[in-house]
Structures are given as structure tokens and as C-alpha cells.
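Here are my notes on the model you sent. Please read them with the structure open.

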Amino acid sequence: MRPAADVPAEALVLGVDSGGSGLRAALGLPDGARAPAPVRSADPVRTGERGIDAGHFMAQLLPMARELLAQAGGGRITAVAIGAAGLATLGDDLRAQLPSALEQDLGVRRVALAADAVTAYAGALGDRPGAVVAAGTGLIAIGTDLAAWHRADGWGHLLGDCGGGAWIGRAGLEAVMRAHDGRDGGSKALLVRAEDLFGPVAGLPAQLYPRADRPAVLASFAPHVAACAADDPVAEGILRDAARHIAQAAAAVCPAGDVCEVALTGGLFKMGEPLTGPLREELTERLPRAVQVRAAGDPLDGALCIAADIAANRLRLPHDPRMLTVHGEDDS
């Protein structure tokens, strides 16, 4: 990566990653590399009656963009790509407001709005056909043959996200309550962990149910499940079930062909071998044509790649009214 002083002013693009922990933004070079270092916001973008709040989004993004430009010594942003969690179902306000707001405030006419799963895909595999599983608190699988997007799960902790952090944490805490009650399927090892983390588990429902951040609290217990898996058959079984769900999601979105590249991205996979070991076995059994590859980058890298591609009119990833839209005139 070149230092900020070497960034050509006419070639800057802006990538943005918006999720549950706030915004991350970075300027990029024409090849999609970051320059200079990313900046972050402290708060996630609000969600209201119209979905993700475009006004609140811009109120956070504009100071970040100006800070990045100052770090780069000035210059002009020629394209912006935004990956936002919830865009597919809650993005109507963003799609209606952001392109004109970015043109007015930053002078940018080329704007891509993408679901965070799409920027995760672009960061992991670029514009090659394949499948990506993005997993943290939640879980979504997305695949493409470069003609269309195929999605599996990502339906939230009440309806899906099967195999994700909240799912694993909830299953672990169910085993805790079974051990507390003396029912079959309980785990004394997880019970000890839960009492250390939350206190007496009889009070756990009162701690958990009123929380607006309940999925994150559930997911906070997932690493404890992984830590117990080597010696506790209940914890090991939970991770094996999670691996099966993840493999099913990957199989559902892999494009047709003799080989399907599959990349895993997101914080969940930092749990390592207790999860990735059974996942390799499940992928081999359920998707024998899968070739697991290392994710090249993260969703912010993916947003920068998409921004560079729309700036150069070379975007190969498929457009979709919910997953990936491109706005603006052709300046070439």
C-alpha cells in the first residue's frame, strides 16, 4: 500500500461498511487497496419506520469522509460503495436518499449500495463465481455465477442465522438450563461457564429477554461452547450441529459446475478447529465439489473493490434491486 502522500487526488474511491457496531470507512486507490487507514464511528445507524435512517447515515459518514480526505492531503472522491447490514429488507430510505445526498455533499455521482453480504463476498472472492458464508453474531450464505445472486439464511436470530454465534450461544445456554434443572441434554461444564459469566442462571431469563442487544449477548457465550468442546460431548455436539447448518447454507448457494470455491469470513470462524474441523467434514460430505479457499479480505475491502470497479466501469458482480444497485452517470 502506498503512503497517503502518493495517493493521486483524481483516483480516490470511498468504501463503507455499516453494521451493528457502527460504520467503518476507508479511502482506496484504483486497485481497491486502502489508503490511508480506515476510520470508525461509535454508534450503529438508527433504524426507523422507513428502515435504515438515511439522514443518520449521512450525519455519521460525512465527517468520516472529510477526515479521510484530510489524512490523504485532499483530493476528490470519484465513487462510493456502501455495504450495509439489513439493506435487502430495510434499505428503501438509503436507496431513495443516499445517491443524491452523496452527490450534493461530496460531489460523487457514482454510488453502489450493497447488502453487507455482497461486500463480504467481494472482499472474500472478488468477482469470481463461488459462495461465501459470512458469520458472526448472525449468519448468511451468498453465492453467484455472475448472472444472479443466491442467498441462504440471514433471517435473524428468531427465524434463522442457523450455525451463527447467537445460534451457538443460545444452544449452549439451553444446555445450561437443562443441567440446572437436571434434565437430559444438559452440560455441567457449560453451567459452570454460564455462572461465571452471568451469575446464578435462574436469573438469566430476566437478564436476557428484555435486552435490545439479545443476539449479541447470546453470541457472547459461543466462545465458551467452543472452549468446552474438546472435553464436553454436549458442547461438541452443538458445534457439529452448527457446522452442519453452515454447510447446508453453503450448498444452497453454490453455483452449478464441477467445482465451487467456498470462502468463510467473519468473526465466528476465529473459534478455530472446534468449529472449522467439523465444518470441513460436513462440506466434504454435503458439497464434495467445494474447494475451500481463504478469504482475501473483509467487507470493507469488498466495498473498496466495488467502488474501484464502478469508478472504472468494470463491475462484473450482478446487479440486483435488493442486493446490489449502482447509481450515477458514466463520466468516461
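Which residue forms a salt bridge with E236? The partner is R240, and the closest N and O atoms are 3.2 Å apart. A salt bridge here is a side-chain nitrogen of Lys or Arg within 4 Å of a carboxyl oxygen of Asp or Glu.

1. Basis. This is a predicted model, in which local features need pLDDT of at least 70, side-chain atom pairs count only at pLDDT 80 or more, and totals for chains, interfaces and linings use all residues. Residues are numbered from 1 along each chain as its sequence is written, and side-chain values use heavy atoms, with hydrogens and water left out.

2. The E236 pair. E236 and R240 both sit in helix α10 (residues 233-253). They are 4 residues apart, about one turn of the helix. Helices are DSSP runs (H or I, at least four residues) and strands likewise (E, at least two), numbered from the N terminus. E236 counts as partly exposed because its relative accessibility is 32%. R240 is partly exposed too, at 29%. The cut-offs are under 20% relative accessible area for buried, over 50% for exposed, and partly exposed in between (1.4 Å probe, protein chains only).

3. A pair in α5. R170 and E174 form a salt bridge, 3.0 Å from N to O. Both lie in helix α5 (residues 165-181), 4 residues apart, about one turn of the helix. R170 has 38% relative accessibility, so it counts as partly exposed. E174, at 32%, is also classed as partly exposed.

4. A buried pair. The side chains of D17 and R24 meet in a salt bridge at 3.1 Å, N to O. Are these two residues buried or exposed? Both are buried. The whole structure holds 16 salt bridges.

5. The sheet. 6 strands form an open sheet, in the order β3-β2-β1-β6-β7-β13, with mixed pairing. Its edge strands are β3 (39-40) and β13 (324-327), each pairing on one side only. Two strands pair if DSSP finds at least two bridges between them. β1 (residues 12-19) and β6 (residues 77-84) run parallel over 7 bridges. S18 has A84 of β6 as its bridge partner.

6. Helices on the sheet. Helix α1 lies across β1, β2 (22-28), β3 and β6, at about 35 degrees to β2. Helix α3 lies across β1, β6, β7 (110-115) and β13, at about 145 degrees to β7. Axes are lines fitted to C-alpha atoms, for helices over the stretch in contact; angles run from 0 to 180 degrees between N-to-C directions.

7. α1 against α3. The axes of α1 (residues 54-71) and α3 (residues 92-106) come within 10 Å and cross at roughly 35 degrees. The crossing is right-handed, meaning that the near helix is turned clockwise from the far one by less than a right angle. Residues in contact (heavy atoms within 4.5 Å) include F57, M58 and L61 of α1 and L94, L98 and A101 of α3. The residues of this contact divide into 11 nonpolar, 1 polar and 3 charged. Ala, Val, Leu, Ile, Met, Phe, Trp, Tyr, Cys and Pro count as nonpolar, Asp, Glu, Lys and Arg as charged, and the others, Gly among them, as polar.

8. Backbone points to check. L146 is not a glycine, yet its phi is positive, about 75 degrees. L146 sits in the loop between β9 (139-144) and β10 (149-153). D153 also has a positive phi, near 65 degrees, in a residue other than glycine. D153 lies in strand β10. Its relative accessibility is 13%, so D153 counts as buried.
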